Amino acid sequence: MNIQTNIKLDESLRSILESYRLELKPKSPGWYGTKCIVEKFGHINLSELNTSHLSQHRKYRLEKGFSAQTFHHDITHLKNAIKIYCEDTGQDFNERPFKIRMPKINNEIIRRLTDEEWSALSSASLTPSKFANKKWSNIWYAIVLAKTTGMRMSEIVNARVKDFHPGSKVLVIRKTKNGEDRPVPLSPLAVEACENLAVRSKTDTLLGKSYSSFRQTWRRVRARASKECPSLKDFRFHDLRHECLSNLADQNWTIPSLKMVSGHRDTRSLMRYIHVDVSSTVDKLKTVNQNGAIKNINKLGDTKCLL
């Protein structure tokens with residue numbers, strides 16, 4: 001009996017990744033990351049992929065100034081693309097090429113936005129210039145949204161006008177990073193920002209611009225603001241998310257409430273974003289009854305037992 005073996009069990013990485021990229025949002029970070037892999041290794045077949053290829057990609061990404069987190073995302077997308085291909089073709093997934101040394105992620109932010117920095121961002125966003133004209137005056141509303149809601153840049157860019165509900169003060173984010181829709185509660189300032197964006201928008205999204213276009217505008221605004229306040233030179237848009245969650249933690253929000261705002265499932269991931277103001281903690285300690293504490297210690301008897 002002749003068995004037909006016309007099913008192609010090996011495929012080029014270009015073909016595998018191009019199919020996978022069709023499921024990604026165009027010009028999203030994952031879309032760009034997989035594009036970079038296609039350009040470098042698209043010509044090789046899946047069976048030829050080995051650790052040296054991924055080690056070369058790691059070296060390339062880090063030398064170009066990309067963060068360790070970006071490389072981790074690249075590997076995650078590549079692994080997912082290959083897993084899907086293997087499931088569709090009935091092949092076993094080979095983990096061996098991915099057993100490489102992964103760079104340590106060190107993106108914990110302990111800085112807080114100062115009043116001076118916030119003023120500089122405001123001035124750079126609202127003052128007329130060749131890039132902050134009427135066409136892009138909504139950059140300020142996007143910054144306000146990030147600081148008051150903790151939304152990611154991609155979430156703000158993809159937020160749709162029809163998902164803004166001013167009556168209930170909620171903006172629904174579709175297909176977030178963890179793949180689920182998330183209702184974002186809005187403060188009065190955030191509601192005002194969304195209303196202004198909705199009126200100005202000529203598309204179905206609040207901003208009406210692509211991710212890459214918005215990112216470029218943000219960098220220009222930051223460069224302008226850093227002339228007034230040099231400490232903003234390395235300030236990331238994502239740092240506004242840290243600032244938002246830290247502000248809410250300073251106001252004694254509970255962990256479940258903070259998770260609802262941030263969209264985190266894991267408490268450990270959430271805690272990486274929270275950096276409570278030390279001075280506010282010191283002020284709270286002043287309310288402790290110091291005399292009562294001393295009396296309780298004295299009841300223990302000889303203070304030598306405390307040594």
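Q: What does Asp250 form a salt bridge with, and how far apart are the closest N and O atoms?
A: Asp250 pairs with Arg112 in a salt bridge (a side-chain nitrogen of Lys or Arg within 4 Å of a carboxyl oxygen of Asp or Glu), and the closest N and O atoms are 3.1 Å apart. The pair links distant parts of the chain, with Asp250 in helix α10 (residues 239-250) and Arg112 in the loop between α4 (68-89) and α5 (115-126), 138 residues apart. Helices here are DSSP runs of H or I with at least four residues, and strands are runs of E with at least two, numbered from the N terminus.

Q: What sort of model is this, and what pLDDT do local features need?
A: This is a predicted model in which local features need pLDDT of at least 70 and side-chain atom pairs count only at pLDDT 80 or more, while totals for chains, interfaces and linings use all residues. Residues are numbered from 1 along each chain as its sequence is written, and side-chain values use heavy atoms, with hydrogens and water left out.

Q: How many salt bridges does the structure hold?
A: The structure holds eleven salt bridges, one of them between Glu155 and Arg182, where the closest N and O atoms are 3.0 Å apart. Glu155 lies in helix α7 (residues 153-158) and Arg182 in strand β3 (residues 182-185), so this pair ties together parts that are 27 residues apart in sequence.

Q: Is Glu155 buried or exposed?
A: Glu155 counts as buried at 4% relative accessibility, and Arg182 is buried as well, with a relative accessible area of 6%. Buried means under 20% relative accessible area, exposed over 50%, and partly exposed in between (1.4 Å probe, protein chains only).

Q: Which residues are linked with Asp163 in a network of salt bridges?
A: The network links Asp163 with Arg160, Arg174 and Asp181. Within it, Asp163 forms a salt bridge with Arg174, the closest N and O atoms being 3.1 Å apart. Asp163 is buried, with a relative accessible area of 3%, whereas Arg174 is partly exposed at 34%.

Q: Switching to α3, which residues are buried there?
A: In α3, which covers residues 51-63, the buried residues are His53, Leu54, His57, Arg58 and Arg61. Seen down the axis of α3, they fall within an arc of 140 degrees (taken from the directions from the helix axis to the C-beta atoms), so they line one face of the helix.

Q: And what does the face turned away from the buried side carry?
A: That face of α3 carries the exposed residues Lys59 and Glu63. The helix is followed by Gly65, whose phi is positive, near 90 degrees.

Conventions: The expected span of a helix is 1.5 Å times one less than its number of residues.
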